[in-house]
Amino acid sequence: MTMTDPGASEPRLIAGRWRRVSRSECARTYPAELTVGPGSRYLGRRDPDQGLPVWDVGTARMPDETTLVMSTSSDELVSYAIEVAADRFTVTAPDGCVVVFERQA
C-alpha cells in the first residue's frame, strides 16, 4: 500500500505575494493582490473600486504543475490551467479568461 504525501498538492510553485497585472474586464473579477501561504490557504485583496473577487479567501491546490484548483467566493472548487514562469504565473479560467499575476517583493 502506497501512502501519498498530503502536502503533495500544496501550491508551492506560487507560494508568496502576487499582484494582478492583467487589466481586461474579465481579469478584474480576480483579486488585485493574492497571498498564497502554507497549508494551501490563500487570501485575495480587492482594489477599492472592485466588487467581490472570484477568489477572496480559501484553499489552493496544485495536483500537478499545470492545474490550479481554487475554492472561490461561492465555495465552489474550480480547476484552472496554470503556467508558472519565474516571477509570473498565468491562469486560464474555464470561461477562457486569462489572468496574469506578478510576484511582489
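In what order do the 8 strands close into a barrel?

**Entry 1, ground rules.** I am working on a predicted model, in which local features need pLDDT of at least 70 and side-chain atom pairs count only at pLDDT 80 or more, while totals for chains, interfaces and linings use all residues. I number residues from 1 along each chain as its sequence is written, and side-chain values use heavy atoms, with hydrogens and water left out.

**Entry 2, the barrel.** I followed the pairing and found the order β1-β2-β3-β4-β5-β6-β7-β8, with antiparallel pairing. Neighbouring strands of this sheet are turned by 30 degrees against each other on average, direction ignored; the axes behind this angle are lines fitted to C-alpha atoms, and angles run from 0 to 180 degrees between N-to-C directions. I take strands as DSSP runs (E, at least two residues), numbered from the N terminus, and I call two of them paired if DSSP finds at least two bridges between them.

A search of the whole structure for cysteine sulfur pairs within 2.5 Å returned 1 disulfide. Cys26 and Cys97 form it, with 2.1 Å between their sulfur atoms, and the link is right-handed, with 90 degrees about the S-S bond. The two cysteines are 71 residues apart, Cys26 in the loop between β1 and β2 and Cys97 in the loop between β7 and β8. I then checked accessibility (1.4 Å probe, protein chains only; buried is under 20% relative accessible area, exposed over 50%, partly exposed in between). Cys26 is partly exposed at 31%, whereas Cys97 is buried at 4%.

I counted a salt bridge where a side-chain nitrogen of Lys or Arg lies within 4 Å of a carboxyl oxygen of Asp or Glu, and the structure holds 6 of them. Among them, Arg19 meets Asp47 at 3.5 Å, N to O; Arg19 sits in strand β1 and Asp47 in the loop between β3 and β4, 28 residues apart. Asp47 also meets Arg20, at 3.9 Å, and because Arg20 lies in strand β1, this pair ties together parts that are 27 residues apart in sequence. Both Asp47 and Arg20 are buried, while Arg19 is partly exposed at 25%.

Another of the salt bridges joins Glu102 and Arg88 at 2.9 Å. Glu102 lies in strand β8 and Arg88 in strand β7, so the pair ties together parts 14 residues apart in sequence. Returning to shared partners, I note that Arg19, Arg20, Glu33 and Asp47 are joined into one network.

Methods: Helices (H or I, at least four residues) and strands (E, at least two) are DSSP runs, numbered from the N terminus.
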